[in-house]
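Here are my notes on this entry. Please read them with the structure open.

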Amino acid sequence: QVQLVESGGGLVQAGGSLRLSCAASGRTFSIYAVGWFRQAPGKEREFVASINWSGYATSYADSVKGRFAISRDKPQNTVYLQMNSLKPEDTAVYYCAARPGPNNEYRYWGQGTQVTVSS
């Protein structure tokens, strides 16, 4: 099993920045990639960004490209999501998730952290 704990959410004004953290524990050797997802009230959960566990491959949703950056601290088993130039439409609960292989679904999920961007 893999446990994921998110932190770093909060309230920020439009144009501001936040950095989310996702700390992994347990069988971290089984992780292939970690992704960030978000879900706004009344909307479907959507993909935000992902990084493979080696840290060399990243992927972003078009809506956050150029504003968000995903990275990994290997010794700390932590994945970060740096969010800059935040917009009110970025308001959502942000979740990190891990999957064990390239063709596997995201199997492990954190509890989520709220991000609220005021206009």
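1. Ser21 is buried, because its relative accessible area is 15% (buried is under 20%, exposed over 50%, partly exposed in between; 1.4 Å probe, protein chains only). Ser21 sits in strand β3, residues 18-26 (strands are DSSP runs of E, at least two residues, numbered from the N terminus). Its contacts include Trp36, Thr78 and Tyr80, leaving out residues up to four places away in sequence (contact: heavy atoms within 4.5 Å).

2. This is a predicted model: local features need pLDDT of at least 70, side-chain atom pairs pLDDT 80 or more, while totals for chains, interfaces and linings use all residues. Numbering runs from 1 along each chain as its sequence is written, and side-chain values use heavy atoms, without hydrogens or water.

3. The whole structure has one disulfide (cysteine sulfur atoms within 2.5 Å). Cys22 and Cys96 form it, S to S 2.1 Å. The link is right-handed, with 70 degrees about the S-S bond. Cys22 is in strand β3 and Cys96 in strand β9 (residues 92-99), so the pair ties together parts 74 residues apart in sequence. Both Cys22 and Cys96 are buried.

4. There are four aromatic pairs (Phe, Tyr or six-membered Trp ring centres within 6.5 Å; planes under 30 degrees apart are stacked, over 60 edge-to-face, the rest tilted). One of them, Phe37 with Phe47, is edge-to-face at 5.8 Å centre to centre and 75 degrees between planes. Phe37 is buried at 10%; Phe47 is partly exposed at 28%. Phe37, Phe47, Tyr106 and Trp109 make one aromatic cluster.

How values were computed: Helix = DSSP H or I, 4+ residues; strand = E, 2+ residues; numbered from the N terminus.
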